[in-house]
Amino acid sequence: MYDRIRRWFKTMFSTTPIERSAEAQTAVDRACQDLALYHFMSCPFCQRVRHQIQRLALPIELRDIQRDPERRQELMAGGGRTMVPCLRIEQGNGEAEWMYESADINRYLADRFEAR
């Protein structure tokens, strides 16, 4: 039990990005072109998601809604509210999914991109 907890802490609070082969990172880079994180810098829940993005070495576009009013309008128009963090996921059919809640976003990113 102790080992599981220790591994979980190491995974959640590690500042070293995971390493992938060049081919795997290229595939991840391509997949991340369909993702954008709406956030602002002082939000603790946004910090949690940005940490996950850094840990997983994901080149996801960050859109600061406090500093860019156009991004704030995009978030309101697309997601229906200006709550952050919000991950915009572009679907293959051109539609967008708007995912709120830092725990849901982090789980989605880990499930999709974490090397196992």
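**View 1. Overall arrangement of the predicted chain, with five helices and four strands.** Followed along the sequence, these elements occur in the pattern α-α-β-α-β-α-β-β-α. The chain has 116 residues, of which 34% count as buried, and its accessible surface comes to about 7,500 Å², with 51% of that area belonging to carbon and sulfur atoms. Among the contacts in the chain with a separation of 6 or more, 61% are made by residues 24 or more positions apart.

**View 2. The aromatic pair of Tyr38 and Trp98.** A pair of aromatic rings is described by the distance of the centres and the angle of the planes. The count for this structure comes to one aromatic pair. Tyr38 and Trp98 form this pair in a tilted arrangement, with 5.5 Å from centre to centre and 45 degrees between the planes. Because Tyr38 belongs to strand 1 (residues 35–39) and Trp98 to strand 4 (residues 96–100), the pair ties together parts that are 60 residues apart in sequence.

**View 3. The charged end of Arg81 over the ring of Tyr100.** In this close-up the charged end of the arginine sits 4.1 Å from the centre of the tyrosine ring.

**View 4. The salt bridge between Arg55 and Glu114.** Side chains of opposite charge can pair when their charged atoms come close. The structure holds eight salt bridges, and one of them joins the side chains of Arg55 and Glu114 at 3.1 Å, N to O. This pair links distant parts of the chain, since Arg55 lies in helix 3 (residues 44–55) and Glu114 in the segment after helix 5 (102–113), 59 residues apart. The two partners fall in separate accessibility classes: Arg55 has a relative accessible area of 4% and is therefore buried, whereas Glu114, at 23%, counts as partly exposed.

**View 5. A network of salt bridges that includes Arg63 and Glu74.** The residues linked in this network are Glu61, Arg63, Asp68, Arg71 and Glu74. Within the Arg63 and Glu74 salt bridge, the closest N and O atoms are 3.2 Å apart, and the pair links distant parts of the chain, with Arg63 in strand 2 (residues 61–64) and Glu74 in helix 4 (residues 69–79), 11 residues apart. Arg63 is buried, with a relative accessible area of 13%, while Glu74 is partly exposed, with a relative accessible area of 31%.

**View 6. The two ends of helix 4, with Asp68 at its start and Gly80 just after it.** Asp68, which also takes part in the network of salt bridges, places a side-chain oxygen within 3.1 Å of the backbone nitrogen of Glu70 at the start of the helix. Just after helix 4, Gly80 adopts a positive phi of about 90 degrees.

**View 7. The salt bridge of Arg107 and Asp104 within helix 5.** An α-helix has 3.6 residues a turn, so residues three or four places apart point the same way. Arg107 and Asp104 both belong to helix 5 and are three residues apart, about one turn of the helix, and the closest N and O atoms of their salt bridge are 3.1 Å apart. Arg107 counts as partly exposed at 46% relative accessibility, and Asp104 likewise counts as partly exposed, at 33%.

View 8. Most residues other than glycine have a negative phi, and most peptide bonds are trans.

Technical notes
Residues are numbered from 1 along each chain as its sequence is written. This is a predicted model: local features need pLDDT of at least 70, side-chain atom pairs count only at pLDDT 80 or more; totals for chains, interfaces and linings use all residues. Side-chain values use heavy atoms; hydrogens and water are left out. Rings of Phe, Tyr and Trp (its six-membered ring) pair if their centres lie within 6.5 Å; planes under 30 degrees apart count as stacked, over 60 as edge-to-face and the rest as tilted. A charge sits over a ring if NZ of Lys or CZ of Arg is within 6 Å of the ring centre and within 35 degrees of the ring normal. A salt bridge is a side-chain nitrogen of Lys or Arg within 4 Å of a carboxyl oxygen of Asp or Glu. Buried means under 20% relative accessible area, exposed over 50%, partly exposed in between (1.4 Å probe, protein chains only). A polar contact is a pair of N or O atoms within 3.5 Å; within protein, one must be able to donate a hydrogen and the other to accept it, and residues adjacent in sequence count only if both atoms are side-chain atoms. Contact means heavy atoms within 4.5 Å. Accessible areas come from the Shrake-Rupley method with a 1.4 Å probe; for residues, only the protein chains shown count as cover.
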